[in-house]
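User: Can you walk me through this model? I'll ask as I go.
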Amino acid sequence: MGAVFEARQRKGQEMTQALLSIFWILIFPGFVFTVVVGLLASWVVRKVSAKVQYRVGPPVLQPFYDVMKLMGKETLIPEDAHRIVFMGAPLVGFAGVLLLSTMLWRISISQTTFVGDIIVAIYLLVLPSLALILGSSASASPHAAVGTSREMKLVMSYELPLVLALVVVIVKTSGNLSLANVAQDTTVFSISNLLAFSVALLCIQAKLGFVPFDIPEAETELGSGVLIEYSGALLAVWKLMQAMMLVALPLFLVMVFLGGFGPSLLAGIGKYVLILVLAILIKNTNPRVRIDQAMRFFWFYCGIALLAAIILAITGKYCDITWL
Amino acid sequence: MSWKIWSLKKSPWVFHVNVGACNNCDIEIVDMLTPKFDVERFGIKLVGSPRHADALLVTGVGTRQAVPRLREVYRQTSKPCVVFLIGACACGTGIFCNGYHVAGPVDKIIREEDPNAIIVYVPGCPPKPEAMISGVVKALSSL
Amino acid sequence: MNQEELNNKLSQIEDKLIAIEQKTGNRIFLLCEAENNCAVNKFLFEDVPLRFVTATGIDSDDCFEVLYHYSYDATGCIVTLKAFIRNRENPSIESVTPFIPAAEWIEREIHDLFGIDFKNHPDLRRLILADDWPEGVYPLRKQVNGEAAKPSLPKTSVRPSPESPAHRTVRLCKPVLPVGPFHPLQEEMEFFQLSVDGETVTDIDMRISYNHRGMEGISETLQFDQVAFLVSRICGICSASHPLAYVQAVEELAGVTPPDRARYVRTIINELERIHSHVLWVGLAGHFIGYDTVFMWAWKYREPVLDLLEEIAGNRNNYGNVKVGGCREDVPDEMKPKILHEMDALEKKLEMLTKAVLDDPVIHARLKGVGVLTKEDAIKYAVTGPTARGSDIGIDVRRDDPYAAYSELDWNVITRPEGDVFAKAVVRLLECLESVKIIRQSLRKLPGGPIAIEVKEIPPGEASGRAEAPRGETFHYVRSDGGNRPVRHKMRAPSYVNVPSFRASCIGSDIADVTITLASVDPCYSCTERLGVVDSHNNITHNYDALLKLSRAKTQKIKKEMRYEPEDLKIE
């Protein structure tokens, strides 16, 4: 009798767990929350850019209107395109960022971390860029093809420095591979940490598609090259993905380099806003670079900086100097 | 009014097509999009592909060489979309109506492609940027 | 050589000519048969030498005529060679393109519009008529008129297949772009096609026809005073110069001189147009090389000039202010202080901009030595305007063949010897400052009196008129038979000779410099949009946006190499 009751209780718990997970993924901090915050963040970016250019800029709800309008347009698929990849690519990218965002927020809020989640985060980070490459190459358009090759070169440039930057932090926290612990243990104001942070920030700048590393034309924020064949609902998904990246990626930086989304809600929000502001500043004060310039920048200059950071981190660990 | 049209009014992305204009209207369109007039306030944005566009800004009289291109561009604009005919030439060929190389007027071409196309006329030679913005905003709010 | 000596020199070729007619002191007509065409043209272009302006095809009742117009800039004389083609069934004439590269396009155009065959032309493809224009229909021939001249249009837009004649019109267009209904930008790419080998440009082909509205044909259906409104719409930014050139041609035909006040008003309006056109160009050039601040600044400061023009003429861009015999609108005396005040403010801004360009080391590095058009090539392609003046050819219609009030004012012709994009930028900026000088003087010297005289009759005859547009010399040739419409009206815009010179200045240069080199010629806005590059090795194509990015990225690279920290341009 007790066993049946326990079994039923367990089943009830599992049901609640399942419902909770759905809630987390769909509402908070998953889909709805990330989308709303992401679209607000993209408005901030556009408004600040407008102010810098002595303009007024769009109203607050503009990104929402954009997405809504795109959902209502017809979706045209090129005749020569590979249909499955063409339609699946935005969904893959979207799902990747959604998972990443949900995961990162859950870790920040309820400290439910697991060893190796930093590796999972790295994998999930690659998904949006990969999706972009797949989608544009499935477009069967020569213009998209040019964009694809440039995007591929860019991804090859900055993925390695990004991982190396994470290695710096992992070294400093003595091989800790779980995000929450990394967030707690890392010394924010050490030279190697700041070096790694700067490099990672620029990698994120490239991943977000911001100047100076925006491969697509800056005037059309969507990218006339890679996304040229997309329209309607599929384009809306790309837009959403890019908006959500504005939530997930700075949060990732905050957790790895800036000591996590604590100690209070205000501090956490402050750190997130700080990264957003830095990204916007870099975006508005620099013109575009060419692809080989970007590659040289990431592999050579960032590589050297990171090498120095790693050496400093190791030295600091062994000699127990925290500020190195 | 459907939500599609409502959201289109809130975020009209434009694609500029020149089908045989003297460039006066084109320059005034660029003027409209520069920071002085700042049409991003209305959510208007210039896009690089008709696939992303909600509105076509068509200038020019519709020369024989350019008209097939216009047809394709219209077909590739994802619907619903609005066609703005900017300038006297686009509104109805004007002084060029006797030209041997003129295949317009543009609205006839668009209607051949799609009898239900939404066409807005912004006359002028060229229409001032203020006139264009006023025309666009008026047309959108009356949709 | 003064005019006397020129006349003597021309009589050296008398044996090949039927006659030499001197219409006025400054207009000479040589008549010859089609057979002697090449010999005389060679003499005129190489031995005298004269500058080639353009060629006109005419369908007279009993023969075809091909007129070759030349300019002798030292005295402002226009020498026109009329070659008569007696054979109406199969009209043909020897081409002059082998030794005058500047004639390549115009001979192709005359072939399209009249059906005259040019023997030994290196490349007699269709130039100006649409791809689907039927063969054998020549729209400017006299016997074809009205609806018969306008063949019906196909209803559907079928993309021409690679084997069709249309694709053969673009020599270099390998079908690298997939044939499918969803690639609108393809057609934009058929306008300019460059072949590249890695990073260097090896060849260029151009297809024009998109803007061809058949103005010359329409002009024959309008009355003389209506034509002035038509030609102001040839190009949006030269919209004051074309009507002026046309109206001067008709005034020469009718033997009238406009009143003094009209001449000064024409000067003021044309110089205001020159300023806003050059400033627009500066903005575009800045945009191409990545200086968007310059772009925004320049376009913002154009606005007061446009507002002034709107107050004077009623429109920011198409003024409609010239008519045969004078002007339609006056510059009211009450406006003088306002214009002078604007000129003062503008002069300060222009000087600041000029200094910024002349002193900026990144602009030096980016634009110097780029897109060089040598003096020899410039003469071969018969370029005009700042394109010529930037290559050490000091020609300017305002000084050489004075019109309006220019001969009574004190101003300089700006020339630079280097021939690169930087030189042309300097020429344009300094010309803006000269324009301010001219406007000030015109306002001070503005005489009283009527603004126009009545011209009732246009007698039969022929005449040419020209004006210095911001881009170069606009040339109009008008022939009348005593009626109230032109029998033939030839219009030549300066970009028609300047744009082909792109071939000489672009081949051998870097792909990242393509947009700025074409821009330095200052073609009309829509010309530059239709630029595409085909890389024959990798089979990839770059469109206009990609080329623009390359151009701006090169600027960044140069900046980094120079470790340059730019000062902020203060925008007031």
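Analyst: We can go through the chains and their contacts in turn.

Analyst: This is a predicted model: local features need pLDDT of at least 70, side-chain atom pairs count only at pLDDT 80 or more, and totals for chains, interfaces and linings use all residues. Residues are numbered from 1 along each chain as its sequence is written, while chains are lettered from A and ligands numbered from 1 in the order in which they are written.

User: Start with chain B. How many helices and strands does chain B have?

Analyst: Chain B has 6 helices and 5 strands. Helices (H or I, at least four residues) and strands (E, at least two) are DSSP runs, numbered from the N terminus. The order from the N terminus is α-β-α-β-β-α-β-α-α-β-α.

User: What share of chain B is buried?

Analyst: 63% of its 143 residues. Buried means 20 or more other C-beta atoms within 10 Å of the residue's own; exposed means 12 or fewer, partly exposed in between, with C-beta atoms placed from the backbone.

User: Which residues of chain B touch chain C, by number and class?

Analyst: 38 residues of chain B are in contact with 42 residues of chain C. Contact means C-beta atoms, placed from the backbone, within 7 Å. α3(B) gives the most to chain B's side, with 7 residues. By class, that side has 16 nonpolar, 12 polar and 10 charged residues. Ala, Val, Leu, Ile, Met, Phe, Trp, Tyr, Cys and Pro count as nonpolar, Asp, Glu, Lys and Arg as charged, and the others, Gly among them, as polar.

User: And chain A? How many residues does each side give?

Analyst: Chain B gives 21 residues and chain A gives 27. On chain B's side, helix α1 (residues 3-10) has the largest share, 5 residues.

User: Switching to chain C. Is strand β3 mostly covered or uncovered?

Analyst: Mostly covered: 9 of the 9 residues in β3(C), residues 51-59, are buried.

User: How does β3(C) pair with β4(C)?

Analyst: In the antiparallel sense, over 8 bridges, with β4(C) spanning residues 64-72. Pairing requires at least two DSSP bridges between the strands. A hairpin of 4 residues joins β3(C) to β4(C). Ile58(C) has Glu65(C) as its bridge partner.

Terms used. Two residues are in contact if their C-beta atoms, placed from the backbone, lie within 7 Å.
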